[in-house]
Structure formats: C-alpha cells, structure tokens
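Grab a pencil and work through these exercises one at a time. Each has a task, followed by a solution in steps.

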Amino acid sequence: MMSRRHFFRLFLAATLAFLAWFNWVPAAYAMGGKLPAIGEPAPEFTLPTNTGNGNISLSDYRGQWVVLYFYPKDFTSGCTLEARRFQQDLPKYMDRNAQILGVSADSVDSHAEFCDSEGLRFPLLADTDGAVSKAYGSWMPPMSMRHSFMIDPEGILRETFLGVRPATHSVEVLARLDELQKRA
C-alpha cells in the first residue's frame, strides 16, 4: 500500500511532467505580484511628489529613458544607501537622457524630508495606497519592494531588476542603460 506522502510526491511529479510536456509556462511573478512584460508599454501612472507642480506622470517623460525604482521606506539604511548612489550618479544619468524616479508608500512630506536630509535632486513619488507598486508587481503590504524598471523614451519597459543590492544597484543600472542605448 502506498503512503499518502509518497502518493502526493508522485502526483506532483506527474503534474509537473504533464505541464512541461505541453510547454506551459506561467506568467512572470515576483514576490510582489505579476510583473509587467518586457517589450510592452510600461503601466502608466500619476502620483504626487515633493517636487515641481505636485504630480508626476510617466507620460511626462516621453522622449527620455526612465529608471523607475521602488523602495520600502524613507530613512532606512538600505533605502538611504540606494538613494545616495542614484544621487551620486545623477549627472551620468542626465548625460544619458535618463530620469530617475523613486517610488515608495511614504507620504509626500516624508519624501520632502528625505530629499532635504540626503540632498536628493530627483523626484520621489508617494504611492500611499500601493496601486502603482501593485501594477509593477512590487507591492508587499504595507510597503513597496526593492525593484527597479527601465523604460525607454517611447514608454516601453526594457528591463526589470529584482535582486537589487542598494550599494551597487546604480552602477548596474547605468551599465544596462548603456547596453540598451547602444542597441537603439
């Protein structure tokens, strides 16, 4: 007689073999949800910010590359390090016609304090309900996950970064931006 454990293992193996036989591949998911597809239009959004006229839309940056990075929380060690690295490399992004946009669930006031404290000169967007983070598969309630997306001047998603290390992320993004711009 077959044990339950053995039966379930056998059933699972048979199911996976069946799915592989028909070349079934599930949609790309990160821990935060379904990721938007590379090569497709990036999900459009409008969010409040601490800079400019108070709101920023992705469409405001048509004609430019956009580095859209999601991060968990203002004033935390990893998020501060990541933001500092982007700020340090900001002139290099500007030389490449690229705009950096940071997104978290923090408020506009928190972003303003964070920018003032760290000398950040790029917009931080307040996704307080997580709707935009969800659209990008980067929401783990109650905060955004550390993911980044590279969007081309036509609004097409060109790269996704999931295993982000704050200390080296900006350098990785710049290198990938150079590769993508050489192909264009």
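**Exercise 1. Look at strand 6: which residues sit on each of its faces, and are they buried or exposed?**

Step 1. On one side of strand 6 you'll find A98, I100, G102 and S104, and on the other Q99, L101 and V103; all of them are buried, so both faces are covered. Buried means under 20% relative accessible area, exposed means over 50%, and partly exposed is in between (1.4 Å probe, protein chains only). Helices (H or I, at least four residues) and strands (E, at least two) are DSSP runs, numbered from the N terminus.

Step 2. Now put that together: 7 of the 7 residues of strand 6 (residues 98-104) are buried, so the strand is largely enclosed by the rest of the structure.

A note on the ground rules before going on. This is a predicted model, where local features need pLDDT of at least 70 and side-chain atom pairs count only at pLDDT 80 or more, while totals for chains, interfaces and linings use all residues. Residues are numbered from 1 along each chain as its sequence is written, and side-chain values use heavy atoms, with hydrogens and water left out.

**Exercise 2. Which strands pair with strand 6, and in what sense?**

Step 1. Strand 5 (residues 65-70) pairs with strand 6 in the parallel sense, over 6 bridges. Two strands count as paired if DSSP finds at least two bridges between them.

**Exercise 3. In what order do the 5 strands of the open sheet come?**

Step 1. The order is 7-6-5-10-11, and the pairing is mixed. Strand 7 and strand 11 (157-161) are the edges, each pairing on one side only. Neighbouring strands are turned by 20° against each other on average, direction ignored.

Step 2. For the antiparallel part, look at strand 5 and strand 10, which are joined by 5 bridges. F70 has H147 as its bridge partner in strand 10.

Step 3. Contact means heavy atoms within 4.5 Å; axes are lines fitted to C-alpha atoms, for helices over the stretch in contact, and angles run from 0 to 180 degrees between N-to-C directions.

**Exercise 4. Which residues touch the most other members of the largest nonpolar core?**

Step 1. They are Y69, Y93, I100, F122 and L124, in a core of 23 residues. A nonpolar core is a set of buried Ala, Val, Leu, Ile, Met, Phe, Trp, Tyr and Cys residues joined through side-chain atoms within 4.5 Å.

Step 2. Where do the members come from? Strand 5, helix 2 (77-88), helix 3 (90-95), strand 6, helix 4 (108-118) and helix 6 each supply at least two. Helix 6 gives the largest share, 4 residues.

Step 3. Zoom in on F122: leaving out residues up to four places away in sequence, F122 touches Y69, A83, F86, Q87, Q99, I100 and C115. There's also a second, separate core of 18 residues, including L35, L68, I151 and L157.

**Exercise 5. Is S148 buried or exposed, and which side chain does it join in a polar contact?**

Step 1. S148 lies in strand 10 (residues 147-151) and, at 1% relative accessibility, counts as buried.

Step 2. The side chain of S148 makes a polar contact of 2.7 Å with that of H169. A polar contact is a pair of N or O atoms within 3.5 Å; within protein, one must be able to donate a hydrogen and the other to accept it, and residues adjacent in sequence count only if both atoms are side-chain atoms.

**Exercise 6. Which two residues are joined by a cis peptide bond?**

Step 1. P141 and P142 are, with omega about 10°. P142 is in the loop between strand 8 (139-140) and strand 9 (143-144).

Step 2. For context, most residues other than glycine have a negative phi, and most peptide bonds are trans. F75 has a positive phi, near 70°; F75 is in the loop between strand 5 and helix 2.
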